[in-house]
Structure formats: structure tokens, C-alpha cells
Amino acid sequence: MNQPHKEHAELAEKFNADEDRVNWHDETLWWIRQKRDKIVWQLPEWEQLRETASQIKHNVLSHLSEYLLEFEANAQKNGVTVHWAANGEEHNKIVYKLLKEQGVTQMVKSKSMLTEECHLNEFLEKQGIEVVDTDLGERIVQLAKEPPSHIVLPCIHWKKEEIGELFHKFLGTPEGNADPQFLTHAARLALRQDFLTRKVALTGVNFAVAETGEFVVCTNEGNADMGAHLSNVHIASMGIEKLIPKRKHLGVFLRLLTRSATGQPITTYSSHFSKPRPGQQMHIILVDNGRSVHLGKEEFRNSLKCIRCGACMNTCPVYRRSGGHSYHNAVAGPIGSILAPNFDMRKNADLPFASTLCGSCSNVCPVKIDIHDQLYKWRQVLAKEGHTPKAKTAAMKVMAVTLSKPGIFTVAGKMGRIVMRNVPGLVNNKLNPWFKQREMPEAPKESFREWYQKNRKK
Amino acid sequence: MSSREDILKTLRQNQPPAVALPDTQPFAGMKPVNADQFIQTFKTIGGALYEARDYAHVEEILRADFAAFPLKRTTLPQLSGIADTSWFTVDPHTLHDTEVMIAEALFGVCENGAVWITEQQMVQRAAMFIPEHLVMLVSKASLVATMHDAYVRIAELHNGPYGFGAFIAGPSKTADIEQSLVLGAHGPRTMTMMLLP
């Protein structure tokens with residue numbers, strides 16, 4: 001976790017080695033973006049909905065401590081135990097304690113990006129606990145010992161033939177069978193045994209309602225429900241920013257979430273958990289892990305409005321062509337790139353640069369986070385704090401001098417043109433990052449300035 | 001200091017100035033109820049739908065279309081002639097052999113084909129998720145247009161907390177393998193709606 005990692009550009013280059021795969025990845029995510037557009041355009045009030053959701057989230061951020069207390073009191077009234085965790089480590093210890101109390105060494109888990117952020121699986125494995133991820137995509141990457149590469153589509157970087165091979169190895173499916181229907185059914189049969197035998201189930205939380213103390217979990221597969229309703233103990237882990245004030249606000253967010261995420265009108269299941277079923281224990285862990293500090297950063301607090309739909313990833317030209325793993329963070333893509341530096345600025349200094357600043361992410365965001373503005377602002381902060389690569393800093397300084405001195409600019413331009421026209425090998429080589437995967441343009445004979453001076457006289 | 005106090009203290013220091021809640025009232029009642037939209041949307045999300053006259057008609061359809069699945073269970077005493085009703089208090093794990101579960105939802109939502117049902121109508125929470133096939137009855141007269149209207153209806157229907165409630169919209173599904181849609185992930189493989197008057 002804390003080992004040094006490669007930077008985004010280097011990891012993206014690795015992903016780009018397989019051109020067919022990159023093209024498939026790119027087109028598939030763009031297809032999901034198009035599905036999103038199609039369903040969004042059916043609602044004339046879409047922009048009004050986004051604006052309302054954004055305002056609700058602003059209200060939440062400005063009253064977060066009050067809403068947390070209201071939620072805690074109401075959840076307790078409903079018979080739910082509420083825990084508070086300052087960081088990932090404390091969260092993981094609470095989960096482990098609950099498992100130990102039950103005397104079990106196994107647990108089923110449905111999709112939760114928060115537990116990825118806290119590295120829960122690794123922690124529990126070290127304590128001898130076997131965690132089974134039950135979302136199909138998450139199960140696939142778990143068997144392959146990889147993190148998810150997308151928050152909604154965890155194994156979008158995998159081809160069905162590879163999944164067939166993986167299932168042949170782990171689930172004993174026939175070699176060479178890569179039929180999605182068949183493989184899904186094999187996973188269903190295997191995971192059903194896990195659902196029927198595990199005593200503890202952990203789920204994530206999509207929304208928690210301060211007014212009622214209930215929380216909502218959205219899935220298409222039904223895995224959160226299968227786990228929770230067959231368990232003796234249900235643990236729900238949530239980041240503190242997942243709160244909304246009133247139940248009626250779910251009407252706004254449930255309309256936005258799945259339309260933005262996958263282009264569906266709603267997920268198959270939107271489950272509202274309010275009380276444990278008779279004889280069951282229900283626990284909620286409220287996790288901070290840097291969020292309360294993040295809230296104090298005026299320019300960056302907007303990213304706490306995120307509802308984790310993944311629309312910004314599906315639309316991002318950089319994400320689509322570099323893959324989720326190149327972001328080396330639980331949440332990838334544009335939103336991950338503005339969340340990650342809050343946790344660790346040095347480790348994630350490369351991420352705000354993994355963008356063209358085209359603004360498409362901000363345009364599709366259902367809660368109107370100014371994602372591309374924040375990417376730009378992070379760059380300013382990172383440069384000021386000295387987190388930019390030395391070569392880039394030096395090059396920028398040279399550039400600043402050249403651009404501020406007309407004399408140097410004219411000479412440098414002339415030299416550049418002469419070099420490019422006469423010794424193109426000097427620029428068209430591997431040392432020039434601009435030459436990578438593109439041809440350098442043909443240099444003009446003269447600059448505009450030279451042309452103007454010549455022609456003005458006429 | 002406990003983590004709880006720590007977190008609250010930091011939040012209070014860092015919270016931005018109060019921002020008022022927007023009015024969500026205009027969204028409710030914005031659109032008319034459209035039963036055809038409900039029917040079409042439910043079919044689009046992978047469901048099958050029958051318009052049934054009454055419980056007797058539902059039973060008739062079940063006898064014809066679900067004859068291949070003898071292990072039927074229902075939450076509805078009116079259908080005890082065709083499905084088992086002796087499972088209400090059993091260990092939910094034992095419900096895993098259920099082939100068809102038949103229940104009745106409180107209302108449906110036209111814009112997304114979902115129906116709302118709470119623990120009271122489910123009898124057991126797991127019962128809606130564990131069967132191979134789910135058959136849901138819902139009355140046409142109960143339909144609401146959008147999710148905003150749905151939460152207005154929920155507020156009217158439930159005085160206090162409901163324990164557990166869910167919007168269910170079609171069979172369980174996944175597209176995690178190369179974005180190929182597969183019906184039948186972990187929950188029911190099919191969902192059939194019986195739309196009563």
C-alpha cells in the first residue's frame with residue numbers, strides 16, 4: 001500500500017501496449033456514456049434535477065456535523081449500532097472486532113469503494129479472515145488478485161476469454177468456455193453457497209437519511225440483499241459524506257444515480273434498511289478518513305458531493321484510453337484524481353495532470369462538481385508545493401523566460417524552424433515527448449512576424 | 001478524545017457557512033401517471049407482464065405459465081390454493097429451494113418500472129431475493145409517475161420506520177462480463193408483473 005508506485009503516464013503506457021484492448025475499452029465506455037445521454041435526454045427537467053442535487057449536497061456539507069448526529073440518534077432508535085472511525089485502520093479494526101465477537105473467520109461483502117479505500121480485504125486476510133466479494137465484477141478481480149479498475153464496472157478491463165480461464169481455474173468451468181451467460185451462472189451457483197453459509201455480511205451505503213436513520217443500498221445483482229438478509233450480523237460501512245437530509249431527497253438522487261452510471265432508469269434493487277430483522281444485529285460504521293479535513297479546503301470541498309456514479313470516468317478521454325489501474329487509487333478517473341491528493345498529496349501528485357481539462361466530466365456530473373476546475377487548481381497547488389517533476393519545472397522556467405523576452409523569442413523561433421527543417425532528427429527522436437505517437441508538424445519557412453514585416457510595406 | 005468527538009470537532013471547524021435546502025416540491029406531481037409507460041418500461045428492463053383481472057385470474061396464469069415449477073411459495077393467503085403459505089416463520093436459509101415466490105407490492109413507478117414493497121408484505125426479507133422466479137402483483141390504480149411522487153406516497157403509507165423496504169425493478173442482472181447483459185445474477189432470474197386493475 002505504501003510502497004512507491006509508478007506514475008499515471010508510465011502505467012498508462014503499459015495499458016496502451018495492447019492497442020486492441022485499449023480500443024475496446026475506449027469504445028465500451030463511450031457506449032455507456034451514450035446510453036447515459038439517451039436516457040438523460042428523456043427528462044426535460046434533467047438540469048433542474050442536477051442543480052437541486054447539487055444544492056442539497058451543499059446544504060449537507062454545511063451542516064454535516066448536525067446531520068451526522070441526527071442520523072446517529074435515529075439509527076439508534078431503530079435498533080442499529082453506530083460506530084465512528086477516524087480512519088481506515090480504525091474502520092478495519094471495528095469490522096474485525098465484530099467478526100471475532102461472532103467467532104467467525106468468513107464474511108461476504110457487496111460492493112463498497114470505501115472498503116477498497118480502507119484496504120479492508122488485505123487487513124482481514126492478515127488476521128486469517130476470508131472475505132468473499134459477491135459483486136460479479138469484484139469477484140472476478142478478487143480471484144485475479146487485482147483491485148477494481150472502475151467504481152461501477154470493476155472488471156471493465158477484462159476480456160471474457162480471460163474470465164473464462166480464471167473461472168476454469170477457480171470454479172472448475174470447462175476450459176475454453178467464455179460465454180457471459182454461462183460464466184455468470186457458474187458464479188451464481190458458487191456464490192449462493194457463500195450467501196447461505198456466511199454469518200456476517202458487509203455492504204456499502206449509497207445514501208443515508210438523517211431524518212429517518214435509514215440507509216439505501218443500490219445493486220443490480222441483488223448481492224447486497226442476499227448477503228444482508230441471510231446474515232446474523234449486517235455491517236454497513238459508509239463515508240460520512242453519504243448523508244442526505246430527508247427521505248424525499250432520495251427521489252432526486254435515485255433518479256440521477258443510475259441514469260448517470262449505466263443509462264438505466266433505476267437499479268434493479270434500491271434497498272432501504274431501517275431496522276435489523278428480528279434476531280439480527282445491524283451495525284453502521286461512519287468513516288471519516290480525511291473527509292473532515294478535506295471539508296476545510298474551500299476550493300476542493302465540492303468533490304465531497306460525489307455520489308460515485310462513474311459518469312466522469314466513462315466520458316473521460318484519458319480514463320478511457322489509460323484504464324483504471326493507471327490511477328493507482330481506489331477511485332480512478334477524473335473524480336479520483338481530485339479526491340486522491342487530499343489523502344496524500346505527494347503520492348498522488350501525478351493524477352491531476354492525467355487530464356486534458358476538456359471539461360466533459362463536469363458536464364456529465366449529476367451533482368455538478370466542478371471537476372476540471374479542481375484538476376486545474378490542484379495543479380497550481382502541486383506546483384507551488386514543489387510536487388511537479390524537476391524536468392517539467394525547469395522546462396517551464398525556460399519557457400517563461402522565452403515568452404517574456406521578445407528578442408529571445410524571435411531568435412529561439414528562428415533556431416527552432418532551422419533545426420526542424422534541416423536536421424529533423426534532432427527533434428524527431430525518443431527524447432522528445434511530443435514526438436511520441438505523433439509526427440512533428442512541418443516547420444514553416446518564416447514566422448508570422450517575418451511575413452508581416454515583409455508584407456506591411458506593400 | 002473519542003473518534004466521534006474528534007470527527008465532529010473537525011467538521012464543525014471546517015463546515016462552510018450554512019446553505020439553505022432547495023425546494024423539491026415542484027418535482028412532485030410534475031408528470032401524469034401513465035400506465036402504458038409503466039408496462040413498456042418494465043418490459044424494457046427485462047420483466048414479463050400480464051394484465052390480470054383478479055386473484056383468480058392470477059392463479060389461472062400461474063397454473064398455465066409456471067406449471068414447470070412445483071415449488072411455489074406466496075405471501076398471499078388468497079393464492080394458497082396454488083402456492084405454499086407455511087413458510088412465514090421458517091429460517092430464511094431454508095427458502096433457497098423456492099422456485100417461484102408470489103407477493104404483492106404497494107405501488108409501482110411509471111418512469112422506471114419499479115415497485116415498492118416493505119417487510120410487512122415480504123413476510124421475510126430474503127423471500128424477495130432468494131427464489132429463482134419472482135411474481136409480483138400490483139394494482140394499476142396504485143401507480144405513481146416519478147420517484148418524487150413515490151416518496152410522497154411512501155410518506156402517506158408509512159407512519160414510522162418500515163424496518164426494510166425496497167424498490168424492485170425487474171429480474172436481478174449483471175453486465176460485468178464484457179458489458180453483455182445477463183439476467184439472473186444473485187437474485188431472481190425472472191420477474192413477472194401481474195398488473196391488477
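A: Happy to. The strands involved, S5 (residues 207-209) of chain A and S8(A), pair in the parallel sense over two bridges. Strands here are DSSP runs of E with at least two residues, helices are runs of H or I with at least four residues, and both are numbered from the N terminus; two strands pair if DSSP finds at least two bridges between them.

Before going further, a word on the source: this is a predicted model, in which local features need pLDDT of at least 70 and side-chain atom pairs count only at pLDDT 80 or more, while totals for chains, interfaces and linings use all residues. Residues are numbered from 1 along each chain as its sequence is written, chains are lettered from A and ligands numbered from 1 in the order in which they are written, and side-chain values use heavy atoms, with hydrogens and water left out.

Between the chains, S9 (residues 269-273) of chain A runs antiparallel to S7(B), and five bridges join them. One of the residues here is Ser270(A), whose bridge partner in S7(B) is Phe167(B).

Now the wider interface. Contact (heavy atoms within 4.5 Å) links 71 residues of chain B with 97 residues of chain A. Together the chains bury about 6900 Å², 61% of it on carbon and sulfur atoms; buried area is the accessible area (1.4 Å probe) that two parts lose on being put together, summed over both. In chain B, Ile177(B), Glu178(B) and His186(B) lose the most area to chain A, together 12% of what that side buries.

Six salt bridges cross the interface, each being a side-chain nitrogen of Lys or Arg within 4 Å of a carboxyl oxygen of Asp or Glu. Among them is the one between Glu111(B) and Arg255(A), at 3.0 Å from N to O. On the chain B side, the elements giving two or more residues include helix H5 (147-157), strand S7 (164-168) and helix H1 (3-14). H1(B) gives the most, with eight residues.
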